[in-house]
Amino acid sequence: MIRTFQNLLQPPRRPHRASISLCRFCSRASAPPSPAGAGDIFHWNSAITAHLRAGRVAAARRLFDEMPERNVFTWNCMISGLVRNRMLADARRAFDAMPARNSVSWAALLTGYARYGRVAEARELFDRMPDHNVVSWNAMMSGYVRNGMVERARELFDAMPSRNDVSWLTMISGYIRRRRVREARELFDRAPSPSTSVCNALLSGYVALGRMKDAEELFGRMQRRDPISWNVMITCHARAGRMQVAQSLFDEMPQKDTISWTAVMRGYLQNGDIDASWKVFQEMPDRDAVAWNTMIGGFVQSERVDDALRLFAEMPDRDLVSWNTILQGYVQNGDMDSANTWFRRMPEKDETSWNTLISGYKDEGALALLSEMIRGGLRPDQATLSVVISICASLVALGCGKMVHLRAVKTGFEHDALVMSSLISMYSKCGLIAEASQVFDAMVQRDTVTWNAMIATYAYHGMAAEGLKLFHRMTEDGFRPDHATFLSVLSACAHKGYLYEGCRYFRSMQEDWNLIPRSDHYSCMVDLLGRSGFTQQAYAFTRTIPSDLQVNAWETLFSACNAHGDVQLGEVIANNVLQAQPSDGGMYTLLSNLYAAKEMWSSAATVRGFMKEQGLKKETGCSWVELKGEVASFSSNDKTHPLIDQICQEVDNLSVMIEEAT
């Protein structure tokens, strides 16, 4: 009797029994064909593939079990589908149970191992292959590139007996991804008559890295350009804010496709000119779903949801992206009631639909939606898990965060950079630095966000030396720091009083990395100078900051004046802040506290009196803590908690213990 696929994929308890079962299975699988014809097998295989692409693994397995006859394509469908659903152990057991394999069988499992960071297993499989073709070489090389092992990929590339366009594309893209532009260009120059697709790969890399001159030089040298080449350059200039140049390139194109029109339309949207984008949309000779959705998304981003809804109603063939875009509009506007209503109306939903709605919640509602999503048979993807983990972090809900971490591991996201970055931040906010470091160290593939999360963890917890050391590791490994990186680095220097180092990094971000400081970077520098006692120098520095970025810096400097008791400078700074934000009750409160600290009671009373006349209040602070799976929040003078008496008694006990200890 044939074993079901479900039973077949269970790990064997005893090797000899597994061998017997496998023999029975193979004898059934290789039995003479049933009366069903080949056409029937095709339909069965198509149905299995459709279920697996939709994530309905159980349904696919049932069909597999019911099939009267199977061929190697059936097995390949199951292996590829299981890989796509991150069920690598099941895919391997199916592979091992196959009565016969072809090159597709080997490539499917090899690609799965490589894609999900299991490079050693991929290489073991590659070495076992009876025959290597260019597809298997490319799959293994792609696995090395994907996991940051560019040197190993290059060794494989050099050993290849023959190469095709994919080989050159993979290796050049690998260098570009690691920002090793020189090696990418050297390899490109070695390519025999590089095809347009290979040229486009290097061209796209230049654009992604912001190397405009190199992109323009390569584009000018290309003997053959296809629409992709033109579209890449249009996108390049649009991202740089050069819409006139982008429009000129578009006008020069010998042959425009829908992607070209959409690229120009999107360029205007990126540069804040929705009217010009709308004009391009109206002039398009043919519009596909992407063009419609881009324009709808433009209205949503401009907070013109009514216009987006009107265009949605006019759209001839709405797809899931169209529905999700409107849902995003409601969520962005904070209209969660309309978002929920729209979500329930949607004819179909995917992970993006759920992710969008979940992202609108900042409380336990997100966790409830995650549970509903799983009960509905959908597997949360990395975006879902990242959003929920971020919410757990903001609530400091460690228990829930650990549960989601376990879910991420079970669903195969233990090597996903986005999910792991969110976990690092979550453990950091919960004060678990060791756990954050363990997640970071275990990662096979990292990106800039991952490095930033770990550097920020060290900075946040006052471990400046560790943070700066990690920053240097990041740059040595070929990653380009961004604004968030330097914000953490400067914050680490400020908290530990590393004045010289902080000034050096502030110059470096501008001179070495071409990053223009933002408001937070200036505030960090003011904080660094203020903490070091150089309030006058901080004042002089703040006056050099662009006027539209000064307010946060003035507030930071005022805190330094408060700490050092500098009333005269504090009054000047408070005046600057209140000119920009006259209703800032918090600043009035801080000024009053500064006067009181210096026993200037009359001045403090004057400020408090003015606040009362104007109806100004300092925004009440709030804190929360998770206890036994529930989040309790507290604010100043708040006595609404049902256990407030016991809480106050415990605080008193702690105060006594602290006094006795000191």
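A polar contact is a pair of N or O atoms within 3.5 Å; within protein, one of the two must be able to donate a hydrogen and the other to accept it, and residues adjacent in sequence count only if both atoms are side-chain atoms. Keep that in mind for the helix end described below.

**The whole protein**

This is a predicted model, in which local features need pLDDT of at least 70 and side-chain atom pairs count only at pLDDT 80 or more, while totals for chains, interfaces and linings use all residues. Residues are numbered from 1 along each chain as its sequence is written, and side-chain values use heavy atoms, with hydrogens and water left out.

The protein holds 39 helices and two strands. Both kinds of element are DSSP runs numbered from the N terminus: helices are H or I with at least four residues, and strands are E with at least two. Of its 662 residues, 45% count as buried. Here buried means under 20% relative accessible area, exposed means over 50%, and partly exposed is in between (1.4 Å probe, protein chains only). The protein exposes about 33,900 Å², and carbon and sulfur atoms supply 51% of that area; accessible areas come from the Shrake-Rupley method with a 1.4 Å probe, and for residues only the protein chains shown count as cover.

Now for contacts, meaning heavy atoms within 4.5 Å. Among contacts in the protein with a separation of 6 or more, 56% are between residues 24 or more positions apart.

**A walk along helix α31**

Let us look at one helix. α31 covers residues 483-496, and at 1.5 Å a residue its 14 residues should span 20 Å; the end C-alpha atoms are 20 Å apart, which agrees. The expected span is 1.5 Å times one less than the number of residues.

How does α31 begin? Asp 482 caps its N-terminal end, with a side-chain oxygen 3.1 Å from the backbone nitrogen of Ala 484. After the helix comes Gly 497, whose phi is positive, near 75 degrees.

Most of α31 is covered, as ten of its 14 residues are buried. Among them are His 483, Phe 486, Leu 490 and Cys 493. The buried residues of α31 pack against α29 (448-460), α30 (464-476), α32 (499-511) and α33 (519-531).

**Charged pairs**

A salt bridge is a side-chain nitrogen of Lys or Arg within 4 Å of a carboxyl oxygen of Asp or Glu. By this rule the count comes to 21. Here are some examples:

| Salt bridge | Closest N and O atoms |
|---|---|
| Arg 128 and Glu 124 | 3.7 Å |
| Glu 151 and Arg 180 | 2.6 Å |
| Glu 155 and Arg 152 | 3.8 Å |

Which parts does the Glu 151 and Arg 180 pair tie together? Glu 151 lies in helix α10 (residues 150-159) and Arg 180 in the loop between α11 (165-177) and α12 (181-190), so the pair links parts that are 29 residues apart in sequence. Glu 151 is partly exposed at 46% relative accessibility, and Arg 180 is partly exposed at 24%.

Arg 128 and Glu 124 are four residues apart in helix α8 (residues 119-128), and so are separated by about one helical turn. Arg 128 is partly exposed at 40%, as is Glu 124 at 34%.

Glu 155 and Arg 152 both lie in helix α10, three residues apart, about one turn of the helix. Glu 155 counts as exposed at 51%, whereas Arg 152 is partly exposed at 36%. Finally, salt bridges that share partners join Arg 92, Asp 96, Glu 124 and Arg 128 into one network.
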